[in-house]
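Thanks, everyone. Please have a look at it first.

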Amino acid sequence: MFMVRTQWKVGLAALLAVTVLAIPGAVVASGSHDSIAEARQQPLDSTVTVVGVATSFTGAFFPNDNGFAIQEKKAGIYILDSLDADIQVGQVVRVTGKLTNSFGQVLSVEPTSIEVLGEANEPPPHPVMTGDVSEETEGRLVRIKGTIVSDIEDDAPFGFKFAVDDGTGPTFVFVNAGTGIDVSGLEQGQRVVIQGFSGEFLGEYEVDPVFQEDIRILPSP
């Protein structure tokens, strides 16, 4: 697993300079430098090709699916399956597939091909107020800071769910079973900083951490 997040290994700009594939008869996001942002503007069922840095690894959101997330600049998107690839955070990938909504209503790509282009550092999480986790942030890495305002709900076999509020309105945090994150030290009333994938499940927006260190408990005031 590519755990080092702060060191450039290959220049992302160079990797994204590749030409996005054109697929005859399909609506394709053109322009490799904004391929994800452009793909997010296309109608569902369009065939798109996107390039970005993986922000979650294959199977992190298992058992929901065996996919992963990618981000390019300020736009991100979820890839519903890894096919035969074992994608790790920090890999730069090019994905072609059909634009769809997952069961949880997250805009996603159902892939037909996945190509690993190299490695780069993971984009930094975007600081956002809990009340602003929404369609505007969906798909990208975000960071929230607030107080746990609910019990830690066991949603087996999928994971654990709780709400965090910084005073602007609560948002949910969902810790997927596939991440292996230990939530035994979390409880209502703790102040926390959490970063993760900005997602949505059945109309409820949420932040999905990927690694144990994505959840940090702050000292009591």
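I will start with the overall figures and then go through the ring pairs.

This is a predicted model, so bear in mind that local features were taken only where pLDDT is at least 70. The protein has two helices and 13 strands. Of its 221 residues, 52% are buried. If we take contacts between residues at least 6 apart in sequence, 60% of them join residues at least 24 apart. The accessible surface is about 10,100 Å², and carbon and sulfur atoms account for 53% of that.

Now the rings. How many aromatic pairs does a search of the whole structure find? The search gives four. One of them is F57 with F211, a tilted pair, 5.8 Å from centre to centre with 40 degrees between the planes. F57 is in the loop between β1 and β2, and F211 is in the loop between β12 and β13, so this pair ties together parts that are 154 residues apart in sequence. Both partners are buried: F57 has a relative accessible area of 8%, and F211 has 5%.

Next, F61 and Y78. Their ring centres are 5.6 Å apart and the planes meet at 20 degrees, so the pair counts as stacked. F61 sits in the loop between β1 and β2, while Y78 belongs to strand β3, 17 residues away. F61 is buried at 5%, and Y78 is buried at 4%. Ring pairs also bring in F197, giving a cluster of F61, Y78 and F197.

Last, a charge over a ring: the charged end of K161 sits over F172, 4.2 Å from the ring centre.

Notes: Residues are numbered from 1 along each chain as its sequence is written. This is a predicted model: local features need pLDDT of at least 70, side-chain atom pairs count only at pLDDT 80 or more; totals for chains, interfaces and linings use all residues. Side-chain values use heavy atoms; hydrogens and water are left out. Helices (H or I, at least four residues) and strands (E, at least two) are DSSP runs, numbered from the N terminus. Buried means under 20% relative accessible area, exposed over 50%, partly exposed in between (1.4 Å probe, protein chains only). Contact means heavy atoms within 4.5 Å. Accessible areas come from the Shrake-Rupley method with a 1.4 Å probe; for residues, only the protein chains shown count as cover. Rings of Phe, Tyr and Trp (its six-membered ring) pair if their centres lie within 6.5 Å; planes under 30 degrees apart count as stacked, over 60 as edge-to-face and the rest as tilted. A charge sits over a ring if NZ of Lys or CZ of Arg is within 6 Å of the ring centre and within 35 degrees of the ring normal.
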